[in-house]
Structure formats: C-alpha cells, structure tokens
Amino acid sequence: MNNHVVRQATAGDAAPILDLRERSILALCTDDYTDDQIAAWMGKRLASEYRQYIEKSPFFVSTLGDKVTGYAAYNPNLQELLAVYVDPDFVRQGAATSLVNAILSDARSRGVDSLWLDASLTAVPFYEAAGFTPMRETTHVFGGVQLECLRMETIV
C-alpha cells in the first residue's frame, strides 16, 4: 500500500536529500557500475547545491511521516527528468511511482508534452514499467568517468 505523501521540496529537505542520494547509489547501483563509476557518480555534493536546485526546478519529495523517502526533479524548459531517487529502505513501496506521477502531473499543467531522461542501467526496468520507452544508449560523464545509461522518453 502506498502511504507516501508527495509534496514540493523545501530548503529544509536538502540535507536528507543528499544523504538519501548517496545511500541509494551505494545500495542499489553497485551491480551495474564499477567502484570507480560509483565514486565519480557520488562526487562531492553539498546540501547547499540541493537548496539551489529546489529553488530553481520543480522538485518534489515523498515522505512517510516526517521521513523523506525519495525525491524527483525535472526541467520543464528542457523537458528533462533530472532525477528520481528512493531511500533504499523504501524501494518497491510506491515512492518512486508517486514521484514520477507528481512530475508528470506538474509537467502536464505546464504544457509539457513529453519528458526524456538518461536512465541509469539500474533504473531502466522501473522506467519501462512507468511507461517510458527506450530510445538509445548514451553516457553520463562524472569527473571524467563515463557511466552507461539509456535515453528514455514518455508522453506526458
């Protein structure tokens, strides 16, 4: 049962978001990427960076009680889904689906007709189940290290 509440992120969510992102990558992505790729992907992020993202982009968090269980953000101008991360303790409990639904609803309200993303190999099955279509293989580069991804797209 999905009891996750999705809301707009606030500046106070920045530190929990940063912690959640790091734990999610470490817990969920090590089967698909090398230690060097994981280290580059994690990088040196600061909570202040997330506060800036929260102010600039549509940015949502899912919560159970007062705990942040996931987050998602997108850029409506580029029609790009920027991130969907879930706390590893709450995987397959509806947080990511709730977040994607909130993004799609917000995008529709802004007149966005489709969204694309470069999905991590780990997340491809989730996005396929959420209605995204694979388009082509691509890469993200973090600190000079390439991570294989799959460009995916959905109609909003």
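Buried means under 20% relative accessible area. I wrote that down before opening the model, which is a predicted one.

**Entry 1: helix H3**

I began with helix H3, residues 47–56. Which of its residues are buried? I found Ala 47, Tyr 50 and Ile 54. I then asked how they sit around the axis of H3. They cover an arc of only 55°, which puts them on the same side of H3. I recalled a general rule here. An α-helix has 3.6 residues a turn, so residues three or four places apart point the same way.

Next I looked at the face of H3 turned away from its buried side. Glu 55 and Lys 56 are there, and they are exposed. What do the buried residues of H3 pack against? I noted helix H1 (14–28), strand E2 (59–64) and E3.

I moved on to Ser 57, in the loop between H3 and E2. Is Ser 57 buried or exposed? Its relative accessible area is 19%. The cut-off for buried is under 20%, so Ser 57 counts as buried. I left aside its neighbours within four places in sequence and looked for contacts. Ser 57 is in contact with Tyr 74 and Leu 82.

Then I checked Asn 75, which has its place in strand E3. Asn 75 and Ser 57 are 18 residues apart in sequence. Their C-alpha atoms are 6.0 Å apart in space. Not counting residues up to four places away in sequence, Asn 75 touches Glu 80 and Leu 82.

**Entry 2: the nonpolar cores**

How many residues does the largest nonpolar core have? I noted 25. Leu 81, Leu 115, Tyr 127 and Met 152 have the most contacts inside this core. Which element gives the most? H4 does, with 8 residues.

Leaving aside neighbours within four places in sequence, Tyr 127 is in contact with Leu 81, Val 84, Leu 117, Ala 119, Phe 132 and Met 152.

I also found a second, separate core, of 23 residues. Tyr 33, Tyr 50, Ile 54 and Ala 83 are among them. Tyr 50 and Ile 54 were already in my notes as buried residues of H3.

**Entry 3: the largest pocket**

Rolling a probe the size of a water molecule over the atoms shows where empty space is left. How much space lies in the largest pocket? The value is about 1100 Å³. I counted 41 residues in the lining. Trp 41, Ala 83, Val 84, Tyr 85 and Tyr 127 lie nearest the centre of this pocket. E4 gives the largest share of the lining, 7 residues. I sorted the lining by type and got 28 nonpolar, 8 polar and 5 charged residues.

Tyr 127 is one of the residues with the most contacts inside the largest core, and Ala 83 belongs to the second core.

**Entry 4: two positive phi angles**

Gln 79 has a positive phi of about 60° although it is not a glycine. Gln 79 is found in the loop between E3 and E4. At 24% relative accessibility, I put Gln 79 down as partly exposed.

Arg 92 also has a positive phi of about 60°, and it is not a glycine. Where does Arg 92 lie? I found it in the loop between E4 and H4. Arg 92 is exposed, with a relative accessible area of 81%.

Asn 3 lies in the segment before strand E1 (5–8). Asn 3 is partly exposed, at 45% relative accessible area. Along the chain, Asn 3 and Gln 93 are 90 residues apart. Their C-alpha atoms are separated by 8.6 Å. Not counting residues up to four places away in sequence, Asn 3 touches Thr 63 and Leu 64.

Last, I turned to Thr 30, in the loop between H1 and helix H2 (35–42). Thr 30 counts as partly exposed, at 38% relative accessibility. Thr 30 and Trp 116 are 86 residues apart in sequence and 24 Å apart in space, C-alpha to C-alpha.

Definitions and conventions. Residues are numbered from 1 along each chain as its sequence is written. This is a predicted model: local features need pLDDT of at least 70, side-chain atom pairs count only at pLDDT 80 or more; totals for chains, interfaces and linings use all residues. Side-chain values use heavy atoms; hydrogens and water are left out. A nonpolar core is a set of buried Ala, Val, Leu, Ile, Met, Phe, Trp, Tyr and Cys residues joined through side-chain atoms within 4.5 Å. Buried means under 20% relative accessible area, exposed over 50%, partly exposed in between (1.4 Å probe, protein chains only). Helices (H or I, at least four residues) and strands (E, at least two) are DSSP runs, numbered from the N terminus. Contact means heavy atoms within 4.5 Å. On a 1 Å grid over the protein atoms alone, a cavity is a set of points where a 1.4 Å probe fits but cannot get out, and a pocket is an open set with protein on both sides within 12 Å along at least five of seven lines; lining residues have an atom within 4 Å of a point. Grid points are joined across faces, edges and corners, and a volume is the space filled by probe spheres set on the points. Ala, Val, Leu, Ile, Met, Phe, Trp, Tyr, Cys and Pro count as nonpolar, Asp, Glu, Lys and Arg as charged, and the others, Gly among them, as polar. The arc is that of the directions from the helix axis to the C-beta atoms.
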